[in-house]
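Colleague: I would like a close look at a single part of this model. Please take the sheet near the end of the chain and what surrounds it.

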Amino acid sequence: MKKSKAFFSSISTKLMLLIIIAVFVLAATLVTVAILLTSKILTKGASAQMNLFCEERGDDLNTEMLRIEDAVGSLSRWTESKIPDVETIKEDEALRDSIVNDADDLIHFMTEHNDVITGAYIHYTLDITGVTDREEGVYYTRDDDGLFTTVPFPQSDIVSDPVADYWYYGPIENGEAAWTKPYYDASAGDYILSYIEPVYMGDTPVAIIGVDISFTRLINLVDSFVYQETGHMFLKEADGAVHYHYDDLVNDHMHGDEKDNVVDHEELMNESRTDGDLVRYEYEGRDRAMAFVTLRNGMKLVLYDDYATIYKERDNAVILMIALSVGLAVVFAVIAAVMVSHITNPLSKLTEAAHEISEGNFDVELPPEKNDEVGELSKMIRLAIDSALARAEKRESKFREQERKIEKAEKTMKQQGDDLVAMKNLAYVDSLTNVKNKHAYEDTTAYIDEQISNGTAEFAVIMCDLNYLKHINDNLGHQAGDEAIQKAAKILCKAFPMSTVFRIGGDEFVIIPSVLEYAKIDERLDVLKMMLRNQKKSSSDYLERISIAFGCAVFDREKDHSFREVFERADKMMYEEKKKIHESDGISTER
């Protein structure tokens, strides 16, 4: 009689359960790895995309601010070049008026066509004029038609102006060009953001030069920036004390970081930018994330969006992969059960045959190759398991290789980001003379060559060389040589206050006149010659005076095909003048 057997004692049942469990474990492992990798990639991608959008908008605003800074700086250098000394400017009202009148064209040229600018001004300080009812400067503001008009502003109004601390006393006390914090100007009926530079002669503040922009208009512009339909932007102070939204600014409902409950990456709040990561925080019960960069005026430009919206793509991908993995596991399990049923039939027949034989019934029907069939089945099962393990190892190897590629790509992206920051931080200023350095010169000449190719170039090159630098170094020391180089740079900058001066070698300078000074190049060259004649008269010792040889060449579009050709003509003229100077001074012509 046949013995009854428990369900789990059957070899076919055990094998079926083993295969089903293996399929589920393998599927769960592979899906878990895939979900982790996919989630990591999509998380990094969403963070990088938000930071890139924030940086691009920040670059746009910084470009406008840099234009304003350049305009104020140019007007400041021009004003300084027109003032002989403190006592003269104090006593000569006509000279003060002349400088202000001459500044009109410069102010209009540099600011009138920039719609962001709402006002521009140049004022002499009370140290120069004292408190008087006389107008000692000029203040321009835009009327309702968008045109610049002047507003009367005598010196006595400075004392009573409620916002003078922002645009007058603060910059003088600070002693250098800077952006103010936003302030409300009742006379303008608007919030104002100003960039102001005081002009000093020695320790005496002589004039204040500044440009105003409408902070309300700026905030309105920032509020209009939209990231993927749901993300928005705002400005805030560097310390997070005040957040600036257009509606909050107009209705005076401003707040600061105290309302933001930071959940993740709190350490980034004190950094200048988020650099690829996001700060997660809660605001009035809403889960959000932000990226930010610091602008030139010290404020932070912030991009924020709901946390779930930012990572919606990642979460949807994870949900989809889990659903697919469960479905595939069920399908594989069904297939495995069917396959086990077919594979274990021979074992069932062998088991029944064994029971029959154990009861003494030797008249049984055995499977073909009764003894070899079991061995072949064992062999096939072993080969199937080995094949499955090999496939699993192959898949695991592919995943490890994919992980290595992802890590390598992340390192490459980080290195590229570091290289980009390094490139942005490359200085364009010569540390000894504060004029532009050779790197800036090379970029400028490359740009001019592009203009030549496009047929839009119009420029001149003035090649300058400081005479007797080697003699000064040998006789007076290298410190004296450095001081001579600095004095030479100041002479060139004063002769061409609105142009770019480059130091391209130890004692070599190049001047590329601005548009305004290019139109009056002969006049500026005469000024330079006069300054050099005064230097020659200043001392009979050639080591104690500044002697500069220069040559000027103007671009001729008919025969010049590159910046280098114009430069070589200027260099040749300079060298010829150097020989004449040396012969006149009776000194060797060694350069």
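Modeller: What follows covers the sheet, its helices and its cysteines, with some totals for the chain.

The model is predicted. The chain runs to 591 residues. It holds 18 helices and 18 strands.

Start with the sheet. It is open and has four strands, ordered β16-β17-β15-β18. The pairing is antiparallel. In general, strands of a sheet pair through backbone hydrogen bonds. The edges belong to β16 (500-503) and β18 (548-554). Each of these has a single partner strand, so one side of each lacks a neighbour in the sheet. On average, neighbouring strands are turned by 20° against each other, ignoring direction.

β16 and β17 (residues 508-512) run antiparallel and are joined by four bridges. Within this pair, Val501 stands opposite Ile511 of β17. Helix α13 (residues 438-454) packs on the sheet here, touching β16 and β17. The direction of α13 makes about 125° with that of β16.

Next, β15 and β18. Helix α17 (residues 521-538) lies across β15 (460-466) and β18. Relative to β18, α17 runs at about 175°.

α14 covers residues 469-476, and α15 covers residues 478-495. Their axes come within 7 Å and cross at roughly 145°. On the α14 side, the contact is made by Leu469, Ile472, Asn473 and Leu476. On the α15 side, the residues are His478, Ala480, Gly481, Ala484 and Ile485. This contact divides into six nonpolar residues, three polar and no charged.

Then the cysteines. A disulfide is a covalent bond between the sulfur atoms of two cysteines. With a sulfur-sulfur cut-off of 2.5 Å, the disulfide count is zero. Cys552 has the sulfur of Cys464 as its nearest cysteine sulfur, 9.1 Å away. Cys552 is therefore in no disulfide, since a pair must lie within 2.5 Å. Cys552 has a relative accessible area of 17%. That is under the 20% limit, so Cys552 counts as buried. Cys54 is buried too, with a relative accessible area of 0%.

Finally, the chain totals. Buried residues make up 41% of the chain. Among contacts with a separation of 6 or more, 59% come from residues 24 or more positions apart. The chain exposes about 33000 Å². Carbon and sulfur atoms supply 53% of that area.

How values were computed:
Residues numbered from 1 in each chain as written. Predicted model: local features only at pLDDT ≥ 70, side-chain atom pairs only at ≥ 80, totals over all residues. Heavy atoms only, no water. Axes fitted to C-alpha atoms, helices over the stretch in contact; angles between N-to-C directions. Helix = DSSP H or I, 4+ residues; strand = E, 2+ residues; numbered from the N terminus. Contact = heavy atoms within 4.5 Å. Nonpolar A, V, L, I, M, F, W, Y, C, P; charged D, E, K, R; others polar. Pairing = 2+ DSSP bridges. Buried < 20%, exposed > 50% of the residue type's maximum accessible area, 1.4 Å probe, protein only. Areas by Shrake-Rupley, 256 points an atom, 1.4 Å probe, with all protein chains shown as cover.
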